[in-house]
Structures are given as C-alpha cells and as structure tokens.
Amino acid sequence: MNKKLKVMFSTHGLVEGDFGFKLDKKGFPTTEVIAKKVITGQDTGGQVYYVKALASNSDNYDVDLVTRRVDPRICPQFGGKECDLGKDINYTIEQQWHETQNFRSRVLRVPAGGNFNFVPKEEIVKYIPELVDNLFNFYKKENVIGNIEVVEGHYRDGMLAADMLCTKIEQETGRRPVMLVTSHSLGHKKYERNLPQYKAGAISEQEWQWHNFEQRIAHEKYAFDKADIIIATSPDEERRLVAEPYLADINKITVIPPGYNDKIFYPWTAQEINEQKHNFEYIDLDGNKQFVNLDGKKVVSSLGRVVRDKGFSELSCSMVEVMKYNPDVVYMLSGENSNPVTEDCKEFMAGFEDRVIFLPSLNQNEMARIYNISSIFVMSSLNEAFGMVPIEAMGCKTAVIVGRSGFNDFAHCADVRDDSQDYSKAIGLYAPSQEIDRWRQVKAINLLLDNEELRKQIVENGYNYVKHNLTWQEIANHKDAIVKQVLKSRSNIDLLKLKKQQSKE
C-alpha cells in the first residue's frame, strides 16, 4: 500500500458485490460488463450511499469500507429464501476490491453473530465487539495495523465500532488513529418526532421498546465524546449536537453536507431531453415495459424510499390541486405494489391516473434520466436530516422544491410565504408538505410551472452551487483536510511534550 489506510464503518448496511454493466442512455443495463459495483439493500438508505461514494473518491488514502457479512440468498428482505446454510457457511471475511490508477478501495464484509442473516440497525449493537475483533485479527495478519491513520464511524453502530477499533490499535501500538464520526440520524431527534405518536397509541409499546431510544442516545453521546472529529450534515444537526442530551464539543464539529456524483448527475442537452420525452420508456410496478409520449408535457417528479416520512402522500394531494388547473403536467413518483403509502397515493390521485407514473426502485443512472426530463423535482419529506436527491436533481439542472430538511437549513431555498423576497437569488424553493402547509407546496409548484424565466434562473443558481461545492470529491477533500489539522495538532502537542522532557533532562 502506497498510502495510509482509512477504515470506514457502515456495519448494519448491506453492502454487496455484483457485476456492473454498462448502461444505455435510458439507464438500462447492456450486456457489457465494465466493473464491480457496490449495491445496497434494506436498512441502508442514504447512509450507505454516502459512505460508498466517499470510499470511491479518496485521493489521500486507501480505503476499506467495513460492513457485517450478510448472505442475500437466505434473507427474505433481499429476495432470498430463509434457510440454514449448514456446511456451506464459510465464516471468513469477504473482500471486494475496487482499484484504479488514482485510488484503492475495497469492501470488507466481516462475519459476526454466527450466521449471515440480516440484522436490523436496532439489534446489531450486540454483534459489534465480535465484528471488530474479527476485523482487527484480519488486519494483524495483513500487517497493516500501523498503517491505519483514520477510522470513520457512520450511524450509531458504526460509531461504536470505530471507537472499539481505535482503542484496540492504541493498545497494540500506543498510537490512536484519528476518529471521525457522522451520525446521519440523531436518536434524540427521532425520539422527539415519535413520542407524540407513542403517547397517542399509534406506536405500540413493543415497537417503542424495540427502538430503545435511551440506549441509542447514550451510545451516540459516548461516541461524540470519544471522537476527534464530528461531521454534522446541517446547521440544525450542529445545534442539536451541542444541546442536551449530547452536549458535544463545538470545537470538534464541522458542518459538511452530503454530496453528489457529477459524473452521473449532469445536465443533458435539449436534444437528448426531447428524444427521451418523445418516446419515454419505463418499467412499471409490475415489471412491464411501458412507453408514453411526453412531448409538450411538464414533468413534476419525486423519488425516494416509499415510506411515510418521505411525504409522497402529502405531495400527491398537492399534485391533485396542481393538475386540476394545468392539463400539461405529468406526475412521476416512486411506488411499490401493496405499499400502504402507494395505495394512499393512488386513492388521492383517482381521476388523474393517465397523468401519473409510478416508478419502481431506480439505480442512479435511471434517476438521472428522470431528473433530466423533469421541469421540477420535489423532495416532500416531512422531516429529513438532509436529503441527497435535491442535490442530484440540481446537478442535472432541474428546479427543486424541498420540504422540511437540513438541506433547506444549509442552503438558500426561498420560502414561498414571503412574496417580498427576491426569488431569483434562490437555489430552490422551500415548501413544507404537512396538511396545514399544503397551500405553500401547491403555490411553489405553480410558481415554477407558470414562470419559466424564474424557473430557469433558479435552475442555474442551483446547478452552480452544487457543482462548485457539493461534488463527492469536494466533500472527501474537505474531510481529509480536517483530519490533517488534527494530525498536525497532535504533532505539535507531541513536540511540546518532547521539549519539556528534554528541558527536564
């Protein structure tokens, strides 16, 4: 290894290897194999996408992305069949290499728990000590313990794993790696959000105990105390970190939002967009290929995991109001068969079925295609730590409207309540989607549909902002610069200690 090693923990997220196929312009795979890729599954969300992207944009370090080993063949969550592997079980660490001229990264899938079944993030903490022990022994055999300079922990379980590995390395070498943590989602914020539902009986006692917020918050606080660097993804998260119950050291905290892949999410030419819209091809929720002509249509889209907090139901109610008065609007949104959220959306959109397109889970290239043909992209989340989809949409030169998220707190998205402000300076519009705020969401969508000049100006503002500030390369370089500051500070402290010792002698 030519560089120092960075270890990144994403212990509960399924990170599996598969062959990557070259995609055509529509985002569908061809038969040409180009590389290995990392794919994600249940209980991973944006966190695994985040660490995966950073692991692939490291100029300063070789990178190991560490997760717990899971076998999708035996996990119903990933389309497998429940079964006992028996003699087939190979209780070793799987390695998946990704190497180019500029960097070396790999995924290490580390066994823990005596099986390869999926374990949700709420239950995985008890397996972390074994996982770290197995990883540490693996690194000792590789003779790279002394080469590990940075250990990153992501989410509660990953942060605990990072501290355990740092402690083991310190005990072995007398030197503790720089420990960097990112919570992605704070337990206390989720506790506050769910407490009213629990008190109202909407969340059962069993589910409430399963979340075990008290333990999660205690673990998070411990990790923040032990870390050298704390990354907050938004100013709101920073405020929560320094307040009760965490009381984290403000000097450790740096606000760095998530980024986007500008090699995938980039603006297409007008000709390419027109060709796509003329004969738009997509796969419906039943897996069937469909075609629709979108010439002259204005597409409003919303993509993401199909869960309540993403606000698809609320946005669908708003879109009914929009489409009543604008016959040229087509609405595209993520959906899943038999999902209660999707069923609610279908009920709300009754009478507009011919102008609504439900899309299954999409890969990044397919998402980029949807962004590019959309006039407006809406992230309608009821409560979002940050949200990467609006950044990706802006990278494709699509006008963005966001709900309640850390993204709006970080960047300037104009609030449609204030008609006196200069909307033309905004990078997007802010319009919460809760029932009492629906008029704002409807107003924001109509404002951009009716004012093409304003929409184009906001598109340019958003694109220029993310292009110059939020690529994954920029994010990775920013984090590595903070690590260098910590290492320099340690060196200065060691030098002072040495001088004091010498003066005594």
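Modeller: The model is predicted, so local features need pLDDT of at least 70 and side-chain atom pairs count only at pLDDT 80 or more, while totals for chains, interfaces and linings use all residues. Residues are numbered from 1 along each chain as its sequence is written, and side-chain values use heavy atoms, leaving out hydrogens and water.

Colleague: Thanks! What makes Glu94 and Arg109 a salt bridge?

Modeller: The term asks for a side-chain nitrogen of Lys or Arg within 4 Å of a carboxyl oxygen of Asp or Glu. Glu94 and Arg109 have an N to O distance of 2.9 Å, so the pair qualifies. A search of the whole structure finds 28 salt bridges.

Colleague: Why is Arg109 called buried, and why is Glu94 called partly exposed?

Modeller: Buried means under 20% relative accessible area, exposed over 50%, and partly exposed in between, with a 1.4 Å probe and protein chains only. Arg109 has 6%, so it counts as buried. Glu94 has 26%, so it falls in the partly exposed class.

Colleague: How do you know that Glu152 and Lys479 form a salt bridge, and are they buried or exposed?

Modeller: Their closest N and O atoms are 3.0 Å apart, so they meet the salt-bridge criterion. Glu152 lies in strand E7 (residues 148-154) and Lys479 in helix H16 (residues 472-504), 327 residues apart. Glu152 has 2% relative accessibility and is therefore buried; Lys479, also at 2%, is buried.

Colleague: What separates Asp236 and Arg239 along helix H7?

Modeller: About one helical turn, because Asp236 and Arg239 are three residues apart in helix H7 (residues 235-242). Their closest N and O atoms are 4.0 Å apart in the salt bridge. Salt bridges that share partners join Lys189, Glu192, Asp236, Arg239 and Arg240 into one network.

Colleague: Finally, why is H4 called roughly antiparallel to H6?

Modeller: Angles under 35 degrees count as roughly parallel, over 145 as roughly antiparallel, 65 to 115 as roughly perpendicular and the rest as oblique. Those angles run from 0 to 180 degrees between N-to-C directions, and axes are lines fitted to C-alpha atoms, for helices over the stretch in contact. Helix H4 (residues 187-199) and helix H6 (residues 213-226) pack at about 155 degrees, with axes 9 Å apart. That makes H4 roughly antiparallel to H6.

Colleague: Which residues make the contact of H4 with H6?

Modeller: Contact means heavy atoms within 4.5 Å. Gly187, His188, Lys190, Tyr191 and Asn194 of H4 meet Phe213, Arg216, Ile217 and Glu220 of H6.

Terms used: Helices (H or I, at least four residues) and strands (E, at least two) are DSSP runs, numbered from the N terminus.
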